[in-house]
Amino acid sequence: MPKNKFENAVFTALMALLMVYGMICYNIALNLGAMTNEVFVVALGELKIMWPVAFVLELFVVGRIAPVLAFSFMRPSDRTQFITYAISFCICSLMCPLMSLIATFLFKQPSLATFAQTWAMNLPAAFLWQFVVCGPVVRLAFRLAFRRVEAPQEEPTADVQAAASKA
């Protein structure tokens, strides 16, 4: 996972891109009543608007709140994988209503009912998309792009081996 600000920005950009594009495709397909090849092209137009919004929200707001929320029910000693899932859950729980609200104002007739319906329709899809597709794909891509070089294990010298055998 990201170890510095640059890596965090790259990870966030990739995750936001894949999440936003998938959710835009989902919403367009809902509006059209079917998933067609045209959906993928039309989604690119909205992506230009929604991706930067999601990137900024996640990097500067939600990305800072989500770990605090996650560690309210997780412990640092818990398995790293579960901590990652908890943080992803919190990010998704915060980003979905925010992005649904923004999309309601930008692309629909804004009203409380429209926002509530958009949020309700998006939340299950966002969780599924995050945990089944985006999370695993982006984490794999990130691990491949930012391979960590582990320190080589040194063979014990003869002096160390002799001291160990005397002990």
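A helix here is a DSSP run of H or I that is at least four residues long, and helices are numbered from the N terminus. Keep that in mind for the views below, which all come from a predicted model.

View 1. Let's start with the big picture: the secondary structure comes to five helices and zero strands. Reading from the N terminus, the elements go α-α-α-α-α. Of the 167 residues, 32% count as buried. The protein exposes about 10,800 Å², and carbon and sulfur atoms supply 68% of that area. Now look at contacts with a separation of 6 or more: residues 24 or more positions apart account for 65% of them.

View 2. Residues 9-29 are 100% helix and 0% strand, with end C-alpha atoms 30 Å apart. Over residues 127-146 the chain is 95% helix and 0% strand, and here the end C-alpha atoms are 26 Å apart.

**View 3. Helices H3 and H4 cross each other.** Two packed helices are described by the angle between their axes and the distance between the axes. For H3 (residues 80-107) and H4 (residues 112-145), the axes come within 8 Å and cross at roughly 140°. Angles over 145 degrees would count as roughly antiparallel, so this pair is called oblique instead. The crossing is right-handed. Residues making the contact include Thr84, Tyr85, Ser88 and Phe89 of H3, and Thr114, Phe115, Thr118 and Trp119 of H4.

**View 4. Glu7 sits in helix H1.** You'll find Glu7 in H1, which covers residues 5-32. Is Glu7 buried or exposed? Its relative accessible area is 7%, so Glu7 is buried, the cut-off for that being under 20%. Leave aside the neighbours within four places in sequence, and Glu7 is in contact with Met1, Pro2, Phe142, Phe146 and Arg148.

View 5. With a relative accessible area of 27%, Trp129 is partly exposed. Which residues does Trp129 touch, not counting those up to four places away in sequence? They are Leu18, Met19, Gly22, Met23 and Cys134.

Terms used
Residues numbered from 1 in each chain as written. Predicted model: local features only at pLDDT ≥ 70, side-chain atom pairs only at ≥ 80, totals over all residues. Heavy atoms only, no water. Helix = DSSP H or I, 4+ residues; strand = E, 2+ residues; numbered from the N terminus. Buried < 20%, exposed > 50% of the residue type's maximum accessible area, 1.4 Å probe, protein only. Contact = heavy atoms within 4.5 Å. Areas by Shrake-Rupley, 256 points an atom, 1.4 Å probe, with all protein chains shown as cover. Axes fitted to C-alpha atoms, helices over the stretch in contact; angles between N-to-C directions. Parallel < 35°, antiparallel > 145°, perpendicular 65-115°, else oblique. Left-handed = near helix turned anticlockwise from the far one by under 90°.
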